Amino acid sequence: EELEPGDFDLVMARKVLEHLADPSAALRRMAAALRPGGRLYVEDTDLASFMRVSFPHRERFERAYGKFIEALSSAGFQPKLGVRLGDELRAAGLQDVSLKGMLIEGTGGSNHPGSKVYRMTIERMRERMVQAGLLTNEEVDQLLADGQSPELHAITAIHCAAWGRKP
């Protein structure tokens with residue numbers, strides 16, 4: 001659906017762009033929909049630029065997590081978009097652009113909603129990972145089990161927010 005050019009004072013998108021094949025095109029459309037002086041605010045995650053893992057089986061977890069990210073990328077997900085949002089907004093013609101990120105250390109076995117999303121997404125990506133030869137079913141099971149271990153403490157995402165103003 002087309003947005004009317006110059007029709008909005010504020011355009012917001014949260015956790016949308018990372019799922020698009022061409023987030024830059026979507027940002028250009030959003031920026032075009034702003035009135036002069038209007039603001040664009042976007043939030044997305046960077047799942048691949050930074051990782052810190054404290055775990056007795058760190059190498060195993062990091063390898064499997066990397067293969068999971070590879071599978072997400074092959075499905076069209078943009079795992080490194082979050083930290084690029086400032087550049088993307090400037091490329092869309094916005095000014096006074098700011099980008100902020102937040103790191104969260106997750107602990108295995110947590111009932112945090114983000115942990116649940118990881119588990120569900122790994123399960124949904126299981127067939128793709130196995131068919132592509134990235135991980136075996138047993139390795140996916142181990143990744144899920146590692147994610148439930150209270151010994152796992154990991155930062156695997158940067159939650160990024162960026163905003164800018166149309167001149």
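Start with two helices: α4 and α5 cross in a right-handed way. Keep in mind that this is a predicted model.

Now the geometry of that pair. The axes of α4 and α5 come within 10 Å and cross at roughly 165 degrees. Angles over 145 count as roughly antiparallel. So α4 is roughly antiparallel to α5.

Who touches whom? On the α4 side, the contact residues are R119, I122, E123, R126, M129 and V130. On the α5 side, they are N137, V140, D141, L143, L144 and Q148. By class, that contact has six nonpolar, two polar and four charged residues.

Helix α2, residues 58–74, packs with α4, residues 113–131, at about 75 degrees. Their axes are 10 Å apart. That angle makes α2 and α4 roughly perpendicular, because the range for that is 65 to 115 degrees.

Here α2 brings Y65, K67, F68, A71, L72 and S74. From α4 come Y118, T121, I122, M125, R128 and M129. This contact splits into eight nonpolar, two polar and two charged residues.

Last stop: the largest pocket. It holds about 1100 Å³ of space. Its lining has 46 residues, and the closest to the centre are L47, G114, S115, V117 and Y118. Which element gives the largest share of the lining? Helix α4 does, with nine residues. Other elements give two or more residues, including α2, α5 and strand β7 (158–165). By class, the lining has 22 nonpolar, 16 polar and eight charged residues.

Terms used. Residues are numbered from 1 along each chain as its sequence is written. This is a predicted model: local features need pLDDT of at least 70, side-chain atom pairs count only at pLDDT 80 or more; totals for chains, interfaces and linings use all residues. Side-chain values use heavy atoms; hydrogens and water are left out. Axes are lines fitted to C-alpha atoms, for helices over the stretch in contact, and angles run from 0 to 180 degrees between N-to-C directions. Helices (H or I, at least four residues) and strands (E, at least two) are DSSP runs, numbered from the N terminus. Angles under 35 degrees count as roughly parallel, over 145 as roughly antiparallel, 65 to 115 as roughly perpendicular and the rest as oblique. Contact means heavy atoms within 4.5 Å. Ala, Val, Leu, Ile, Met, Phe, Trp, Tyr, Cys and Pro count as nonpolar, Asp, Glu, Lys and Arg as charged, and the others, Gly among them, as polar. On a 1 Å grid over the protein atoms alone, a cavity is a set of points where a 1.4 Å probe fits but cannot get out, and a pocket is an open set with protein on both sides within 12 Å along at least five of seven lines; lining residues have an atom within 4 Å of a point. Grid points are joined across faces, edges and corners, and a volume is the space filled by probe spheres set on the points. A crossing is left-handed if the near helix is turned anticlockwise from the far one by less than a right angle, and right-handed if clockwise.
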